[in-house]
Amino acid sequence: MSPATAPRRALLLENIHSDAVAGLEKNGYAVETVAGALDEDELIARIRGVELLGIRSKTNVTDAVLAAAPDLLAVGAFCIGTNQIDVTSASTRGVAVFNAPFSNTRSVVELVIAEIIALTRRLVDKNTGMHAGVWDKSAEGSHEVRGRRLGIIGYGNIGSQLSVLAENLGMSVFFYDTADKLALGNARRCSSIEELLATVDVVTLHVDGRPGNSGMFGEAEFARMRPGSLFLNLSRGFVVDHQALRRHIESGHLAGAAVDVFPTEPKARGDEFVSELRGLPNVIITPHIGGSTEEAQQDIGQFVAGKLHDFVSTGNTSLSVNLPPVSLTSQNGVHRLTHLHRNTPGVLATINSVLADHEVNIEGQLLGTRGDLGYVITDIGSQYTQDVIGQLRDLPTTVRLRLLS
């Protein structure tokens with residue numbers, strides 16, 4: 001097979017669902033899969049010639065990785081977060097980044113509900129005792145969730161859906177978010193985290209991975225929680241001081257906790273897990289499985305793989321994390337140019353001037369901007385020369401130019 005007809009290459013890491021592999025292969029991609037995460041050197045060694053990269057949460061796509069991947073067109077995060085990707089570097093290189101902001105919402109929410117009930121009923125301790133042969137039939141420390149007050153920090157897709165389900169269980173819901181979010185049902189907004197912590201019996205974190213959230217919940221926040229409260233974190237591992245959490249569990253100030261994410265996590269299934277939270281009473285620790293249901297992973301696999309292919313084949317960037325959102329309906333019998341550029345005045349006029357000078361007719365065009373970047377999709381008639389492509393590529397504002405058909 002000649003290079004001109006060789007299939008596009010995709011590299012998928014970290015056990016991404018088989019539906020993603022099947023979808024990309026159906027669209028003509030040669031897909032290589034890796035079961036675990038790769039470190040920077042390993043990824044650099046594999047990524048040359050790859051046009052699509054798929055990862056989950058443990059592989060870091062650094063500037064060095066992106067510099068080693070001149071053929072890379074897009075990165076798919078088959079999860080919610082994208083903080084493991086150097087998005088700024090990807091943008092400056094014209095690499096689109098996509099994620100799955102909605103596909104595993106229900107799975108995370110159901111796990112939170114299950115853990116709140118398990119902690120409130122002290123099922124962890126009862127189960128441990130039974131496996132040790134201890135019959136401890138007692139109601140001491142066991143409560144119903146009905147009537148208890150739930151505090152949600154981060155009222156996005158997951159936090160808001162949790163709010164609805166928790167209220168259906170009879171809980172009173174309070175929330176705090178830095179953005180102005182509409183309260184659902186009877187949920188009540190708190191003006192500060194301090195107000196929320198002083199009010200509720202259960203605190204659950206659902207914040208994003210922005211650097212400013214690092215270490216946001218530590219000794220001071222645990223101390224402000226009501227005695228006997230429960231704490232849950234299914235958002236990001238680096239937002240919580242686990243040593244402080246351990247101290248407040250051991251002192252009895254907190255009645256229990258559930259944690260699904262950790263500052264440092266093993267790279268692959270079966271590796272040893274090390275944490276200050278191991279061995280604590282009424283503490284549930286799970287291996288980052290909030291979104292790990294078969295339904296969620298299948299949805300994520302189909303959704304992100306579809307967005308990657310759509311970007312490569314049409315140039316459309318709707319729901320891209322980093323590029324301006326542009327979606328232009330495809331037409332038959334035209335050639336499509338996509339032009340990512342620095343967002344300065346007059347770029348669109350310059351592009352159209354180049355096309356007009358070469359008597360190239362524009363059949364359709366759409367421009368979008370985001371911060372320092374502009375992105376224009378242009379459908380042109382069949383008559384054009386390589387001089388047109390060369391002049392557009394050589395514009396001082398050009399970041400990346402692609403001819404799709």
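The following legends describe an overview and several close-up views of a predicted protein model.

The model is predicted, so that local features need pLDDT of at least 70 and side-chain atom pairs count only at pLDDT 80 or more, whereas totals for chains, interfaces and linings use all residues. Residues are numbered from 1 along each chain as its sequence is written, and side-chain values use heavy atoms, with hydrogens and water left out.

**Figure 1. Overview of the protein chain, with its 13 helices and 16 strands.** Helices (H or I, at least four residues) and strands (E, at least two) are DSSP runs, numbered from the N terminus. Along the principal axes, the C-alpha atoms of the chain fill a box of roughly 85 × 45 × 30 Å. The chain has 405 residues, of which 48% count as buried; buried means under 20% relative accessible area, exposed over 50%, and partly exposed in between (1.4 Å probe, protein chains only). A contact requires heavy atoms within 4.5 Å. Among contacts between residues at least 6 apart in sequence, 64% join residues at least 24 apart.

Figure 2. Thr59 is buried, with a relative accessible area of 0%. Not counting residues up to four places away in sequence, Thr59 touches Leu13, Glu14, Ala37, Leu38, Leu43 and Gln84. Of these, Leu13 is 46 residues from Thr59 in sequence, while the C-alpha atoms of the two residues are 8.0 Å apart in space. The side chains of Thr59 and Glu14 are joined by a polar contact of 2.8 Å. A polar contact is a pair of N or O atoms within 3.5 Å; within protein, one must be able to donate a hydrogen and the other to accept it, and residues adjacent in sequence count only if both atoms are side-chain atoms. A polar atom of the Thr59 side chain also lies 3.5 Å from the backbone nitrogen of Leu38.

**Figure 3. Two residues other than glycine with positive phi, Glu14 and Glu359.** Glu14 is found in the loop between β1 (9–12) and α1 (18–26), and its phi is near 65 degrees. At 8% relative accessibility, Glu14 counts as buried. Glu359 is placed in the loop between α12 and β14 (362–370), and has a phi near 55 degrees. With 72% relative accessibility, Glu359 counts as exposed.

**Figure 4. Packing of helix α5 (residues 105–120) with helix α7 (residues 157–168).** The two axes come within 9 Å and cross at roughly 50 degrees, which makes α5 oblique to α7. Axes are lines fitted to C-alpha atoms, for helices over the stretch in contact, and angles run from 0 to 180 degrees between N-to-C directions. Angles under 35 degrees count as roughly parallel, over 145 as roughly antiparallel, 65 to 115 as roughly perpendicular and the rest as oblique. The crossing of α5 with α7 is right-handed; a crossing is left-handed if the near helix is turned anticlockwise from the far one by less than a right angle, and right-handed if clockwise. From α5, the contact is made by Thr105, Arg106, Val108, Val109, Val112 and Ile113, and from α7 by Asn157, Ile158, Gln161, Leu162, Leu165 and Ala166. By class, these are eight nonpolar, three polar and one charged residues. Ala, Val, Leu, Ile, Met, Phe, Trp, Tyr, Cys and Pro count as nonpolar, Asp, Glu, Lys and Arg as charged, and the others, Gly among them, as polar.

**Figure 5. Packing of helix α12 (residues 347–357) with helix α13 (residues 386–393).** The axes are 10 Å apart, at an angle of about 160 degrees; α12 and α13 are therefore roughly antiparallel to each other. The crossing is right-handed. Ile351, Val354 and Leu355 of α12 meet Val388, Gln391 and Leu392 of α13. This contact comprises five nonpolar residues, one polar and no charged.

Figure 6. Asn322 is buried, at 5% relative accessibility. Its side chain forms a polar contact of 3.1 Å with the side chain of Ser91, and reaches the backbone oxygen of Val95 at 2.9 Å. Beyond residues up to four places away in sequence, Asn322 touches Val87, Ala90, Ser91, Val95, Ala96, Val97, Arg370 and Leu373.
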